[in-house]
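Please consult the sequence and the structure while reading.

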Amino acid sequence: MLKIGIIGTGNISRLHFEGYLEFQKECRIVALCDIVPAKAEAMKSKFGLSEAVVYESHKEMLKNGGIDLVSICTPPFCHAEIAVDSMEAGVNVLVEKPMAASLEECDQMLLAERESGKILSVIAQNRFRDPIKNLKAVLNSGLAGRVLSAQVDSFWWRGHSYYDLWWRGRWDREGGGCTLNHAVHHIDMLLWMMGEPETVTAMLSNAAHDNAEVEDISLAALRYPHGSLAQITSSVIHHGEEQQLIFQCEKARISAPWAVYSSKSQPNGFPVEDIELKKELNDFIAASPKLTYEGHTAQIKDMLDAVSNNTSPAVGGLDGRRTIALICAIYKAGTLKCEVEFAIDKDDDFYTVSGILKNVPHFYEKTKSIDELAGDITVGSNYKHF
């Protein structure tokens, strides 16, 4: 039975607790860690983990040993340090998104994985949802043809007080704004489905949160080989949080939430609906097998299997790094106001946290620093409906 530690017991950790507790024949949560131990104690009580030990320091937790796998649910600025320390201590790592705040930190994590022989996985829970899995399968099938254009709407809404939390809204703590911490989900999905672009251009702005240094909206345009383009809107100012991915392909328009339309040409070039292909695509979706688990729970199951069988997880460290690479390219393009290459070299300012901090705009200065905010959280669309 695998022994689990959870580091960081804030809002997102709930999904990790619930996920591991689905598989009590395979794992047991034995350790919790938070810089505010009372928060960890509260989670220990909430989930009935009477035998779990609470720590204030992840280093102390790792020193005491007896852990096979940790979930890292802390703010982004310390993901890399905790992940590296964990793997060097012989512990496998499942780290929340974003993987880290820079490519340099991602590479430090990947090096620790290689040298330790441990397994590193990065949360990308939307890959483990039926609508997203099915959309990927349709693209892979070739039924809709090559992707010509993609539209990614990473629409979220966060009130002004959201950025009052002590680590949010600061480049040196949160690592960035909505592009890094919200659109990370959709950027991962786009890269998974469409691959890496050649170049990126972007605009960054803060339209509604004058208590944050970081952006609350960004627009990015990606140029792919063979002429394909993609656009990404990252936002925390969109009411309704209508999140979607739309692919305009050679033969059809397909999306998550699922919708399909197919056009074929008349002799004069004007469109008429291709009813037969539309039916074929709908039938493909209807015949797709359903996942047993979805979201965080499904990814946790995948990681448990990977650790138990010493196999690769569905979402590895290289996947997490690729997502950070595109986000850093968006920040670079938006800061420098020009088109940039997707690939960022090690001598580039935007490869390191210090270089990013030296260049990115401070839209406003943070005016409050509150330890805790009350209220429920939302974690995005299920992509089954708006």
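Helices α4 and α5 are roughly parallel to each other, a term for angles under 35 degrees, because their axes cross at roughly 5°. Those axes, which are lines fitted to C-alpha atoms over the stretch in contact, with angles running from 0 to 180 degrees between N-to-C directions, come within 9 Å for α4 (residues 79-88) and α5 (residues 103-116). Helices here are DSSP runs (H or I, at least four residues) and strands are likewise (E, at least two), numbered from the N terminus.

The model is predicted, so that local features need pLDDT of at least 70 and side-chain atom pairs count only at pLDDT 80 or more, whereas totals for chains, interfaces and linings use all residues. Residues are numbered from 1 along each chain as its sequence is written, and side-chain values use heavy atoms, with hydrogens and water left out.

In contact, meaning heavy atoms within 4.5 Å, H79, A80, A83, V84 and M87 of α4 meet E105, Q108, M109, A112, E113 and S116 of α5.

| Bond | Omega |
|---|---|
| K97 to P98 | about -15° |
| A256 to P257 | about -5° |

P98 is placed in the loop between β5 (92-95) and α5, while P257 is in the loop between β12 (253-256) and β13 (259-261).

K337, in the loop between α11 (317-336) and β16 (340-341), has a positive phi near 60° without being glycine, and it is exposed at 72% relative accessibility, where exposed means over 50% and buried under 20% relative accessible area (1.4 Å probe, protein chains only). Y383, in the segment after α12 (353-359), has a positive phi of about 60° and is buried at 1% relative accessible area.

Definitions and conventions:
Angles under 35 degrees count as roughly parallel, over 145 as roughly antiparallel, 65 to 115 as roughly perpendicular and the rest as oblique.
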